[in-house]
Amino acid sequence: MSKVSMTVNGESVSGEVEGRTLLVEFLRTGLHLTGTHVGCDTSQCGACVVHVNGRPAKACTMFAMEADGAEVTTIEGIAGMDGTLSAVQQAFQDHHGLQCGFCTPGMIMSATSLLKENPKPTEQEIRQYLEGNICRCTGYHNIVKAIMAASGQDVTAVAAE
Ligand code: FES
Ligand code: FES
């Protein structure tokens with residue numbers, strides 16, 4: 001076992017992990033931050049996306065030790081301190097960008113990164129950016145709509161799937 005330390009959602013945390021412990025296991029089991037989901041474990045679904053040093057990362061593809069010293073943000077750290085939803089979270093709620101909600105934490109984390117990199121993405125750019133996030137329920141239409149809305153753009157023209 002080795003000691004790992006990192007900042008998660010603004011707080012310094014540390015724990016004992018095995019070399020093979022994945023970042024997602026450390027977050028969910030070690031820190032009880034269960035908002036980050038595991039949908040596949042094979043780097044396909046994107047349910048486990050978190051931010052590591054400001055960049056989106058699939059937490060099932062990283063060892064916890066690889067995040068030693070890093071700044072990590074999970075879905076639990078996206079809302080304001082007073083619980084106010086982020087613009088992306090609010091838009092998902094307003095535009096029904098979820099059904100079962102399993103993919104939603106990863107979708108919100110990816111969408112948040114997209115809007116940081118590209119504040120006014122086109123519908124096509126949103127669909128391309130979300131290629132690594134799979135949703136089995138919504139057909140993506142309302143997810144795309146929500147992200148367009150979160151970026152302050154008109155959503156009436158978003159094409160139906
Ligand atoms: S659980 Fe990480 S990509 Fe599916
Ligand atoms: S809302 Fe169910 S998988 Fe996306």
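## Helix α3 and its neighbours

Met107, Ala111, Leu114 and Leu115 of α3 make contact with Ile143, Ile147 and Ala150 of α5. Sorted by class, the residues of this α3–α5 contact come out as seven nonpolar, no polar and no charged. Keep in mind that this is a predicted model.

So what does α3 look like on its own? Helix α3 covers residues 104–117, which is 14 residues. From its first C-alpha to its last, α3 reaches 20 Å, close to the 20 Å expected at 1.5 Å a residue.

How many of the residues of α3 are buried? Eleven of the 14 are, and α3 is mostly covered. Thr104, Pro105, Gly106, Met107, Ile108, Met109, Ser110, Ala111 and Thr112 are buried, and so are Leu114 and Leu115. The cover over these buried residues includes two strands, β3 (49–52) and β4 (55–58). Helices α2 (87–94), α4 (123–129) and α5 (141–150) are also among the elements that cover them.

### How the helices cross

Two packed helices are described by the angle between their axes and the distance between the axes.

| Helix pair | Angle between axes | Distance between axes |
|---|---|---|
| α2 and α5 | about 135° | 8 Å |
| α2 and α3 | roughly 125° | within 9 Å |
| α3 and α5 | about 40° | 11 Å |

Take α2 and α5 to begin with. Their axes are 8 Å apart at an angle of about 135°, which makes α2 oblique to α5. The crossing of α2 and α5 is right-handed. On the α2 side, the contact is made by Ala87, Val88, Ala91, Phe92 and Asp94, and on the α5 side by Ala146, Ile147, Ala149 and Ala150. By class, this α2–α5 contact has eight nonpolar residues, no polar ones and one charged.

Now for α2 and α3. With an angle of roughly 125° between the axes, α2 and α3 are therefore oblique to each other. α2 passes α3 in a right-handed crossing. Val88, Gln89 and Phe92 are the α2 residues that meet Thr104, Ile108, Ala111, Thr112 and Leu115 in α3. The residues of the α2–α3 contact divide into five nonpolar, three polar and no charged.

That leaves α3 and α5, where the report started. Their axes are 11 Å apart and the packing angle is about 40°, so α3 and α5 are oblique to each other. α3 passes α5 in a right-handed crossing.

Some names turn up in two of these contacts. Val88 and Phe92 in α2 meet residues of α5, and Val88 and Phe92 also meet residues of α3. Ala111 and Leu115 of α3 meet α2 residues, and Ala111 and Leu115 also meet residues in α5.

Val49 sits in strand β3. Why does Val49 count as buried? Because Val49 has 29 C-beta neighbours inside 10 Å, and 20 or more is the cut-off for buried. Leaving out residues up to four places away in sequence, Val49 touches Pro56, Ala57 and Lys58, along with Gly106, Met109, Ser110 and Asn133. Val49 and Thr36 are 13 residues apart in sequence, and their C-alpha atoms are 7.1 Å apart in space.

Asn133 is found in the loop between α4 and α5. Asn133 is buried too, since 24 other C-beta atoms lie within 10 Å. Besides its neighbours within four places in sequence, Asn133 is in contact with Gly46, Val49, Cys103, Gly106, Met107 and Ser110.

### Two positive phi values

Which loop holds Asn53? Asn53 lies in the one between β3 and β4. Asn53 has a positive phi of about 50°, although it is not a glycine. With 13 C-beta neighbours inside 10 Å, Asn53 counts as partly exposed.

Tyr140 is another such case, with a phi near 75°, a positive value in a residue other than glycine. Tyr140 lies in the loop between α4 and α5. Tyr140 has 18 C-beta neighbours inside 10 Å, so it counts as partly exposed.

Key
Residues are numbered from 1 along each chain as its sequence is written. Chains are lettered from A and ligands numbered from 1 in the order in which they are written. This is a predicted model: local features need pLDDT of at least 70, side-chain atom pairs count only at pLDDT 80 or more; totals for chains, interfaces and linings use all residues. Helices (H or I, at least four residues) and strands (E, at least two) are DSSP runs, numbered from the N terminus. The expected span of a helix is 1.5 Å times one less than its number of residues. A residue is buried if 20 or more other C-beta atoms lie within 10 Å of its own, exposed if 12 or fewer, and partly exposed in between; C-beta atoms are placed from the backbone. Two residues are in contact if their C-beta atoms, placed from the backbone, lie within 7 Å. Axes are lines fitted to C-alpha atoms, for helices over the stretch in contact, and angles run from 0 to 180 degrees between N-to-C directions. Angles under 35 degrees count as roughly parallel, over 145 as roughly antiparallel, 65 to 115 as roughly perpendicular and the rest as oblique. A crossing is left-handed if the near helix is turned anticlockwise from the far one by less than a right angle, and right-handed if clockwise. Ala, Val, Leu, Ile, Met, Phe, Trp, Tyr, Cys and Pro count as nonpolar, Asp, Glu, Lys and Arg as charged, and the others, Gly among them, as polar.
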